[in-house]
Amino acid sequence: MLPLAVQAEANPALLNLNIGEEGLDRSLNNATRYGIEYRFRALDFHRLVPSVGYVWVDNGATFAYVEMRRDFELRGRWLLTPSFGFGAFHEEPGLQLGHTTEFRSGLELSYRLDNHYRLGLAIYHLSNGGLSDENPGTESLVASLSIPI
């Protein structure tokens, strides 16, 4: 097992900045979504990475969330990262998902650079999981830059 200082350097906390399109499955007139997320260092427990984030869509909708993710190393510097979390969604007339509580699941493919920066592409699904009678859900496609902290 590597010393803690070496593990922390190899697995730094990350500030993730992202931009993409919300409502891939809907007619939202190409609603752009922006996000910022803090990804903590991986926990010893199954190398899970807790994160907190905030997303805002140019139509006024917002989503604040907490999430768990895990990096799976592929060939070379490529990482595949599934995630799951939940949060508070504020809907607008252009994007209504049926409930304030929404669950988010996602899958990110990223490339880790020499300096631990990452460039990524992710797809996310938001759904209230049946908490209300109306559960339309939506998808987003996101490009991201993760900056080591």
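**Close-up views of the predicted model**

**View 1. Aromatic cluster of Y34, Y54 and W56.** A single aromatic cluster is formed by Y34, Y54 and W56. The coordinates come from a predicted model. In total, the structure contains seven aromatic pairs. One of these seven pairs is presented in the next view.

**View 2. Edge-to-face pair of Y38 and F40.** The ring centres of Y38 and F40 lie 4.6 Å apart. Because their planes meet at 85 degrees, and an angle over 60 counts as edge-to-face, the pair is classed as edge-to-face. Y38 is partly exposed, with a relative accessibility of 28%. F40 likewise counts as partly exposed, its relative accessible area being 37%.

**View 3. R104 over the faces of Y65 and Y124.** The side chain of R104 is shown with two tyrosine rings. R104 lies over the face of Y124 at 3.7 Å from the ring centre. R104 also lies over the face of Y65, where the distance to the ring centre is 4.2 Å.

**View 4. Antiparallel pairing of strand 6 with strand 4.** Strand 4 spans residues 62–69 and strand 6 spans residues 78–90. Eight bridges connect these two strands, which pair in the antiparallel sense. Among the residues involved, V66 has F86 of strand 6 as its bridge partner.

**View 5. Hairpin of strand 5 and strand 6.** Strand 5, made up of residues 72–73, pairs with strand 6 in the antiparallel sense over two bridges. F72 has L80 in strand 6 as its bridge partner. The two strands form a hairpin in which four residues separate strand 5 from strand 6. Within the turn, G76 adopts a positive phi of about 65 degrees.

**View 6. Antiparallel pairing of strand 6 with strand 7.** Strand 7 comprises residues 101–112 and runs antiparallel to strand 6. Eleven bridges join the two strands. One of the residues in this pairing is A88, whose bridge partner in strand 7 is T101.

View 7. S140 belongs to strand 9, which covers residues 138–148. With a relative accessibility of 4%, S140 falls under the 20% limit and therefore counts as buried. Apart from neighbours within four places in sequence, the contacts of S140 include E21, E22, L24 and R33. A122, I123 and Y124 are also in contact with S140.

Technical notes:
Residues numbered from 1 in each chain as written. Predicted model: local features only at pLDDT ≥ 70, side-chain atom pairs only at ≥ 80, totals over all residues. Heavy atoms only, no water. Pairing = 2+ DSSP bridges. Buried < 20%, exposed > 50% of the residue type's maximum accessible area, 1.4 Å probe, protein only. Contact = heavy atoms within 4.5 Å. Phe/Tyr/Trp six-rings, centres within 6.5 Å; stacked < 30°, edge-to-face > 60°. Lys NZ or Arg CZ within 6 Å of the ring centre and 35° of its normal.
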